[in-house]
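Let's take a friendly walk through this structure together. Have the sequence and the 3D view ready as we go.

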Amino acid sequence: EQQASHPEYARLWEKTAQEEHNHEQQFIMAKRLACSVKTDATKLSQPSIELVKKLTALKGRLTEIPLSPYESLRLAIDLEEKLYAFHMDQMNIFPDESTNRLFKSMMNNDEEHVEALKTAFASLP
């Protein structure tokens with residue numbers, strides 16, 4: 001919504017939102033699988049309470065403060081890069097390696113939207 005006056009960025013954010021929704025669905029599926037098969041709980045990385053608090057606070061601030069295309073792209077790229085490693089750690093919990101590879105493959109598809117954000121950032125005036 002903040003980028004509505006810039007159609008090229010509005011389309012990028014809409015596409016990114018859809019990809020994030022798909023990403024969320026992957027995690028829901030992973031959670032269901034993890035609950036239905038024996039997983040190694042010692043391999044589960046848990047986000048710190050502090051990280052969750054920071055992300056929640058950031059989300060609240062972002063709805064109050066309009067960001068320029070530069071600021072919004074830079075923030076999105078930074079968040080994606082920082083959370084990617086954590087997400088990948090979450091996908092190595094299944095007893096069979098083929099399921100772990102499946103989820104890693106799905107996560108790697110997520111890199112495409114990060115590249116789209118970087119391309120848009122690089123083309124900013």
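A helix has an expected span of 1.5 Å times one less than its number of residues. Keep that rule in mind as we look at this predicted model. Helix H5 covers residues 111–122, and at 1.5 Å a residue its 12 residues should span 16 Å; the C-alpha atoms at its ends are 16 Å apart, so the expectation and the model agree.

Now turn to the sides of this helix. Which residues of H5 are buried? They are His-113, Val-114, Leu-117 and Ala-120. Looking down the axis of H5, you will find its buried residues within an arc of 120 degrees, which means that they line one face of the helix. Glu-112, Thr-119 and Ala-122, on the other side of H5, are exposed.

The structure holds 1 aromatic pair. Tyr-70 and Phe-121 form this pair, and it is tilted, with 5.0 Å from centre to centre and 40 degrees between the planes. Phe-121 has another neighbour to look for: Arg-74 lies over the face of its ring, at 5.2 Å from the ring centre.

Finally, step back to the whole chain. The protein chain has 5 helices and 0 strands, giving the pattern α-α-α-α-α along the sequence. Of its 125 residues, 26% count as buried. The chain exposes about 8,500 Å², and carbon and sulfur atoms supply 58% of that area.

Methods:
Residues are numbered from 1 along each chain as its sequence is written. This is a predicted model: local features need pLDDT of at least 70, side-chain atom pairs count only at pLDDT 80 or more; totals for chains, interfaces and linings use all residues. Side-chain values use heavy atoms; hydrogens and water are left out. Helices (H or I, at least four residues) and strands (E, at least two) are DSSP runs, numbered from the N terminus. Buried means under 20% relative accessible area, exposed over 50%, partly exposed in between (1.4 Å probe, protein chains only). The arc is that of the directions from the helix axis to the C-beta atoms. Accessible areas come from the Shrake-Rupley method with a 1.4 Å probe; for residues, only the protein chains shown count as cover. Rings of Phe, Tyr and Trp (its six-membered ring) pair if their centres lie within 6.5 Å; planes under 30 degrees apart count as stacked, over 60 as edge-to-face and the rest as tilted. A charge sits over a ring if NZ of Lys or CZ of Arg is within 6 Å of the ring centre and within 35 degrees of the ring normal.
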